[in-house]
Amino acid sequence: MSLLEIDNLSLAIGGTPILNEVSLSVAPGEIVAVTGESGSGKSMTALAVMGLLPSDARASGAIDLDGADILSSTEAEMCRLRGSAVGMVFQEPMTALNPVMTIGDQVAETILVHKAMSPEAARQRAREMLDRVGLPAGRFPMSRYPHELSGGQRQRVVIAMAIALRPKLLIADEPTTALDVTTQAQILDLLKSLVADFEMGLLMITHDLAVVAHLADRIVVMRRGDVVETGETAELLAHMQHPYTKMLFQASTHKVSLPVPPAPEPLLQVRNVVRDYRLPRTRLFAPVEHFRAVNDVSFVLNRGERLGLVGESGCGKSTLTRAVLGLEPVQSGAILLDGLPVHAGGAPDISVRRKMQVVFQDPFGSFNPRHRVDRLVTEPFHLLDEPPRGAARKEAIAEALTAVGLHPDDARKYIHEFSGGQRQRIAIARALIIRPELIVFDEAVSALDVSVRAQILDLLAELCGAYDLTYLFISHDLSVVRTVTDRVLVMRAGQIVEQGDTEAVFQNPQHPYTRSLIAAAPQLPEPALAS
Amino acid sequence: MKPISSLAFASAIALAASLGAAQAQGDLTVALQLEPPHLDPTSAAAGAIDSVVYSNIFEGLTRFMGDGSIVPGLAESWEISEDGLSYTFRLREGVTFHDGTAMDAEDVKFSLDRARAEDSVNAQKALFEAISEVEVVDPLTVKLTLSEANGLLLFNLAWGDAVIVAPESIADIKTNPVGTGAFKFVDWVQGDRIEIARNPDYWGTPAVLDTATFKFISDPTAAFAAVMAEDVDVFSAFPAPENLPQFEADPRFQVLVGSTEGETILATNNKQPPFDDIRVRQALAHAIDRQSIIDGAMFGLGIPIGTHFAPHHPAYVDLTGKSGYDPDKARALLAEAGLADGFETTLHLPPPSYARRGGEIVAAQLAEVGIKAEIINVEWAQWLESVFRGKNFGLTIVSHTEPMDIGIYARPDYYFQYDNKAFQDVMAELNRTTDEARRTELLQQAQTIIADDYVNGYLFELAFPTVAKVGVQGLWLNAPTQATDLTAVSWAQ
Amino acid sequence: MTRNLLLGALLSMLVLLMALVSFVWTPYDHVAMNIPAKLQPPDAEHWLGTDHFGRDMFSMIMVGARTSIAVALVAVGIGMLLGVPLGLAAAARKGSWLDEVIMRGNDLVFAFPSLVIAILITAVLGAGAVNAIIAIGIFNIPVFARITRGAALSLWERDFILAARVAGKSGARISFEHILPNVMNLLIVQGTIQFSLGILAEAGLSYVGLGAQPPTPSWGRMLADAQTMVSIAPHLALVPGVAIVLTVLGLNLMGDGLRDYLDPRLRVSRA
Amino acid sequence: MLRYSLKRLISLVLSLVVASLVIFLVIEVAPGDPASFMLGINAQPDTVAALRSELGLDVPKWQRYLDWAGGMLIGDFGTSYTYRTPVSEMIADRLWVSLPLALFALTISTLVAFPAGIYAASRRGRAGDAAVMGATQLGVAIPNFWFAMMMVLVFAINLRWFSAGGFAGWDKGILAGLHSLTLPAISLALPQAAILARVMRSSLLDILGEDFMRTARAKGLSRGQALWRHGVRNALIPVLTIIGLQFSFLLAGAIIIEQVFYLPGLGRLVFQAISSRDLIVVESVVMLLVFSVITVNFVVDLAYALVDPRLRRRS
């Protein structure tokens, strides 16, 4: 007898079809993972179960939740079900909590809104739940506000809220996507133990196959509103039937091969760099305190080398990146590119700037939406003493676009006409167009779907061959860094704790932090790789 | 300001219950357009002060009556020496100030000396120029010695600026006026109202009203609303003549239209070219259609004048024929003066509606004959600074409300800068003359001279409209001076 | 919501058209007085009646539209011309003394009671359309400075600005090349709103006698002239009042419509 | 927060100094002289000079600035040139009208705007929303002095429910006082309520798109419950800013309304003082208004902290 039974669910929003005859089921105590790339309709499936679809959504088929027919339930009936029969955890813990309400009140509200208990009992239960999700009373009194908690802690509060009334079904929509790897591992453990304790069904939505592989009892693979494949986790991983499933699995573990780097010759030298931020004064005349974001960091990037920089959020890698790009001054130490300081103070030094370009993470925010591609791609021409004009300029644009797998005709289009992956290609074209000595990739593939990411990684490898690229590749994603870098730096709390040849570090990590990082990163089981 | 107590709250309920109930007939609310800056009539020009205190609170040796005549005030009688250089006033007996102190010859000497003193801040100091000495003969007799004969002395002493004040109460006079009048000052809520009450110890005929309240409503719309809503019983000098027909048609109200001493003129800068050419000034006079200004700006209220003199005065001569509306003649005169294509000038307009509205019409009429007058609306302070003192203007419209002020044409430095020896001689003689017949003759001569010289454009005599509830009686019809004399006002039974 | 935009644009265009037509044609000369024919209610001869000087109200409303639009437009122009660069500069130098001075200056201007200052300005400079423009314009500067700074600050965080900085472009160049075009939508919307507020402000100032001077017609002064005659000739107060309301309404609807139409968030969801 | 407070304090003081200088300079260059104004057109030059010295107008400008600014520090605003009473007393008297009027109007506008804004937001895109939004558009577009005129016509002259203007005085009781402030407060509140309702609505709509609203719905709160418990309080932050701005505006911006209802308030005092060139009164009132705006903004900042715990700092 299954707890949740979705039968031939079709959905259209404002006339656009989103889901197409989706069927799946969740049994008590079972973890079912729905996976797929963006646009697969996995999140909408979850919202349909909650009855929280947008107002212009039209659904057909049937959703049966423990005997209740969701699609034909009234709003009032749904309100009674939500929170009590089914709870939900969302992707973004930073914004999922009401900033002006204490965590205790927010957890207790789930209970009170269903009038399940007296206010005292509800608070009691809220306390127990917070304890249960790993927020003990000593360090986390109920009077805390969300902004006083870290992302992982907030996600625990959201989970406490969702399970406060012991719902039979818990839906988790990308619950760990916004978290660091080590935190992700903890939250996944928590979810797993809660399912076991409460005999809940868990419907887990995620794009990350590695997360799913170790957690789910069953996997449902979706693509553009269709369920393409479904089965027991081990069974499915061992015998993938659908080509899309196979492609997805391969892309997740995509590896590229890089050309061998030339003999070491320093290009970028970072010497004992320190970067401090002023902290707000706590008392009126207290001395100004500083937060040391980058603490005595030194490394060398050789010409033709691909260097990785990994670390969790807040470790200082963004600050270090900005310093390397010469966007911010440093308090002490030196950053030299080809022997010249990247930040001369005051006006930018054009001669240094032209040797360095950057590709950012967000394919949507990296471009001025009002300019056409040709203007976007040629922005670095500003750095040249004699930028190409007329036909030469056109040719340069065509070459850069062709190099990244786009068509020269794309030059006259606006950026919103491109997909995320294409935009990242344009970003690379922009970086390449003046043939810089060094390209900085700042989380350049993190926002992309796995299949697209695999293509971009292939492109990188290709370009390395064609243009002898030297780059600094900053990422939180260990598997990506592992495949596109020759050497890697591991950063933690403003310091480089470990550096060395990439394979060596991953195979045989020396620093305990590196070890914990590698251990926490979810990995696909070998059988999947084998097939 | 009193704090609000719960007691006040209780009385609020009582008051709310009585709202709309008939008012006690011993009480009168009079609305005025302007609030006085303070209550000392002897140290400011503001007519608003006289509007509240004249005759009600303060009295002088002589006083104006509603018809403009001068009668004995605190002086019971007087004797004038043969040469006209010495006036001996006999004061009334038993007159006391509101604070209980007696009013005697010492107070008169104090008041007059204060007004003439070196550091006097009396706005009409010139009224006292002729007085060379004030002597106390005995407690009820005062003798004034003049340096030269002045036919206007008794008139001058009737002004609000010449009232008798007491040295005992002079320090606080601006906020707590203590006079000898039929009403005592009670309270002043600045920005809103002044309350006065009957003086039981008054020397003369006591006032009929128990109390009276002056309310200050500067906005003409609000004035209309306040009267219509019967928030006020009387509106003295109602600011919007266009509303008067409605009040007249309403059985609840009576409308009194009297005259003022205000000659409304298109003052012309006689020294500024091209106005230094009499043909240009004459052209101005003929370009203007008085009646349409009176109709358009004042909705028919106002008497056309042809010279600077009040039409209700016995010595008035009607000279409007000298400056009849004749645009063709005006154009011809301009052409003669070499200004066939017209010229540009400025027209400074102070705030009152006679000026602002009248100015628009004047500008339109001048445009008809080719004179482009740029309208510049100014506040009084600016007007005083740039027009009156700076003489930096071409034309301006203003109502000269002082009674008997034709003498200003004898002052060459006066803002319209008219300088005519013949006229000045007439005025000098007039000042020395006490014989009524000769005085009239001289006055008529003066009127004719300025009309012939087209010194200014003479528009109309400002009217004095009062709106009152039916049943209010004893109000002044005219305004020989700025005053709201309530001493004889009562409700009809 | 495009219905709003349409209706607003229609109303605004109508007023604009009226103002433009008045340059070449009005039913009567708007300054020609005919005192015997004063205060006439609307009829076939005078579509909107005549005023207290017998002038044709329709002609005055048409020319008055010119005054309102000119004053409000130039005032908003001043506000934009000075406010936008200040806002851009403050955002470009976020946290610096320049930013601090600009923002505190903004607060200070905001702190001044606008009508009192307008009255003071006219007391100093004299009443007139130009001084009304100055009075309204001054208070438009901080509005545009603030809104520009706010929008620019969030843009400065965007990657494409970082990319431009990596390309070595100066703050000023980035501000004009990248920030300004991207805050333009916002400025257009705010400009429309400020324009309507400017019309209201002009009406208020002329109402207290501080705007355009006669004989130039102005809706606010027409209202002021009319106020004591409401009960004898209601059209005198109704006509300019309705003109103001419709114009402001039209501009506000247009501003709102534009906001919805140009809102990048909405656009993303549409795409 | 403390460093922020200190910084704010310094900039506040600097702002006030700059403001006082600007006010003084602007007002002093205005043509016109209080003494001449007082004495009218027949005054003799020596009389004007005597009055100028009596008023203390004959000392150098910079000294008068220092006297005035210095006096204000100890609460002494000087003596009015025309009224000859202490300016502080005059301001206090007028505040007893202006302050209640502003508060009254603010209360009305808040009481109207909050429900209207919340209702409109909760019915987004439907007829109710369109009706409220249409009404607010009209409310913003109607000049309030015109609205006041019309209200006097209807309620004071025709229906006679209220007096046409004037102020009964608090000593006649609170009800009588409020009664005479009702029409002015309503005419002042109209555009403010419209603006506030719009801000409330758009602020709520922003909040409705927030993730935590979806979280609340997932807990089982109905749309209405989520709006009330989680939406309104968060939406208050921008609304508070507007209320703060409006209060200062109401305090000073009532000049025309005070004129129409002939109320003895601050606005009319300033207006009169400007026309009579009672410079010290103008300077002091404008300074007071500027001060109050800055203070109100400060209070609003503090109010944020009440609404938004993120701004409170744990010790």
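Is Arg198(B) buried, partly exposed or exposed? Arg198(B) is partly exposed, because its relative accessibility is 34%; buried means under 20% relative accessible area and exposed over 50%, with partly exposed in between (1.4 Å probe, protein chains only).

A word on the ground rules: this is a predicted model, in which local features need pLDDT of at least 70 and side-chain atom pairs count only at pLDDT 80 or more, while totals for chains, interfaces and linings use all residues. Residues are numbered from 1 along each chain as its sequence is written, chains are lettered from A and ligands numbered from 1 in the order in which they are written, and side-chain values use heavy atoms, leaving out hydrogens and water.

**Salt bridges**

Over all chains, the structure holds 63 salt bridges (a side-chain nitrogen of Lys or Arg within 4 Å of a carboxyl oxygen of Asp or Glu). Here are some of them.

| Glu75(A) | Arg82(A) | 3.5 Å |

In the pair of Glu75(A) and Arg82(A), the glutamate is partly exposed at 35% relative accessibility, whereas Arg82(A) is buried at 0%.

Helices (H or I, at least four residues) and strands (E, at least two) are DSSP runs, numbered from the N terminus. Glu503(A) is partly exposed at 38%, and Arg482(A) is partly exposed at 24%.

A network of salt bridges links Glu230(B), Asp233(B), Asp250(B), Arg252(B), Lys469(B) and Arg160(D).

**Where chain C meets chain D**

Here 33 residues of chain C are in contact with 39 residues of chain D, contact meaning heavy atoms within 4.5 Å. The area buried between the two chains is about 3,100 Å², and carbon and sulfur atoms give 81% of that; buried area is the accessible area (1.4 Å probe) that two parts lose on being put together, summed over both.

Helices H3 (97-111), H4 (114-125), H7 (171-207) and H9 (235-262) of chain C each give two or more residues to the side that touches chain D. The largest share, 11 residues, comes from H9(C).
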